[in-house]
Amino acid sequence: MYRFLLTPRWWGINVFAVLAIPLCIFMGSWQLSRFEGRVQDHQQQESRSARAKTAAARPLESLLPVDTVTSGRQAGARGHYDAGHQLLVPDRTLKDKRGERQGFYVLDLLRTDGGKALPVVRGWLPGDAGSKADTAKVPAPPKGEVTVTGALQASENQGTDGVQAGGGLPQGQLGMISAASLVNIVPYTVYDAWITQTDPQAPLHAVPPAAAEGSGLDLKAFQNLGYTGEWFVFAGFVVFMWFRLFRRDAEAAKDAALGIVPEEDGGGAGGAGAAAAGGSSGSEREGDREKGREKDRADGSGAGQGEERAEKRADEQGEAARAGQV
């Protein structure tokens, strides 16, 4: 009864199912492992950030380049601020106990003893970076040689929240904190990193360090979780369709073995019989119509002969009357 499984059609179906189901399970497991890895990285990053707040600052050079391990670590650098190139980073949101507030970062460049400059976000202020009243509250950077400590951060990119990569900002404002955006503003080289100062001057507010890119539970992490569900659904759909096709062909084979004619064939035979019966009755009706026409012609002919005889008798009677009068 299951010999249909040996047909070329079913060979193709079986090969497809055997290859598709393991592939879907493998891809779903891989996407799930990616999601679990992102969750683990997020937990590790939070743990490192908590330890970094109480850990002693390390020299900047020992923490470069910035990666998921060194991001958020306390870094220290010594040098003097370049007061002539103070920059404001507009449209930055600060989350604190008061909620989310809109404002701007105050960024200064620390000329280190090594010659390179380190971008330092000295703090955040509420307001508009284009307003003179708000920018007047920005305190001047300390003079002379200073030691600055803060949380180490990787250079921003176009995908970072709050970044304005399109340009068009007024002079003295910066849309993205990165060495690439500063190379045409200052006449010296800049580290491919920046720090957010832990203890800023009043009235500046400290900017909390952001999680390293790819280490948080962002949209990509939940995309991995969604892809996991999709691949497992695909595997279940392949199994469902295989059993559905198998059951249909098995029932057809069983009916054929019992000599049961499919409904389509029976309907065709019944339709042919009905057409034949309809054709026969149509011929009979046509014969009846022909007989009726012949009868009508015969009746019409008899009526015409009767009229002629009546006219003839009337003429004879008229002639007899005229003869009697004479």
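What follows is a chat about the predicted model shown above.

Reader: Hi! Before we start, what kind of model is this, and how are residues numbered?
Author: This is a predicted model, where local features need pLDDT of at least 70, side-chain atom pairs count only at pLDDT 80 or more, and totals for chains, interfaces and linings use all residues. Residues are numbered from 1 along each chain as its sequence is written, and side-chain values use heavy atoms, with hydrogens and water left out.

Reader: Great. How many helices and strands are in the chain?
Author: The chain has five helices and seven strands. Both are DSSP runs numbered from the N terminus: helices are H or I with at least four residues, strands are E with at least two. In sequence order the pattern reads α-β-β-β-β-β-α-β-α-β-α-α.

Reader: And how much of the chain counts as buried?
Author: Of its 326 residues, 29% do. Buried means under 20% relative accessible area, exposed means over 50%, and partly exposed is in between, using a 1.4 Å probe and protein chains only.

Reader: Let's talk aromatics. How many aromatic pairs are there?
Author: The count comes to ten aromatic pairs. The rule takes rings of Phe, Tyr and Trp (its six-membered ring) with centres within 6.5 Å; planes under 30 degrees apart are stacked, over 60 edge-to-face, and the rest tilted.

Reader: Why is the pair of Trp 10 and Phe 246 edge-to-face?
Author: Their ring centres are 6.5 Å apart and their planes stand at 90°, so the pair is edge-to-face. This pair links distant parts of the chain, with Trp 10 in helix H1 (residues 8–54) and Phe 246 in helix H4 (residues 219–257), 236 residues apart.

Reader: Is Trp 10 buried or exposed?
Author: Trp 10 is buried, at a relative accessible area of 1%. Trp 10 also belongs to one aromatic cluster with Tyr 2, Phe 4, Trp 242, Phe 243 and Phe 246.

Reader: What about Trp 231 and Phe 234, how far apart are their ring centres?
Author: The centres are 5.8 Å apart with planes at 85°, so this pair is edge-to-face. Trp 231 and Phe 234 are three residues apart in helix H4, which means about one helical turn separates them. An α-helix has 3.6 residues a turn, so residues three or four places apart point the same way. Trp 231 is partly exposed at 24% relative accessibility, and Phe 234 is partly exposed at 42%.

Reader: H4 keeps coming up. How many residues does H4 have, and how far does it reach?
Author: H4 has 39 residues and reaches 57 Å from its first C-alpha to its last, close to the 57 Å expected at 1.5 Å a residue. The expected span is 1.5 Å times one less than the number of residues. The buried residues of H4 include Asn 224, Thr 228, Phe 246 and Asp 249. Gly 259, with a positive phi near 80°, follows H4.

Reader: What is the phi of Asp 91?
Author: Asp 91 has a positive phi of about 55°, although it is not a glycine. Asp 91 lies in strand S3 (residues 87–96) and is partly exposed, at 41% relative accessibility.

Reader: Which ring does Arg 111 lie over?
Author: Arg 111 lies over the face of Tyr 188, at 3.9 Å from the ring centre. For a charge to sit over a ring, NZ of Lys or CZ of Arg must be within 6 Å of the ring centre and within 35 degrees of the ring normal.

Reader: Last one: where does Arg 3 lie?
Author: Arg 3 lies in the segment before H1 and is exposed, at 71% relative accessibility. Arg 3 and Ala 250 are 9.3 Å apart in space, C-alpha to C-alpha, and 247 residues apart in sequence.
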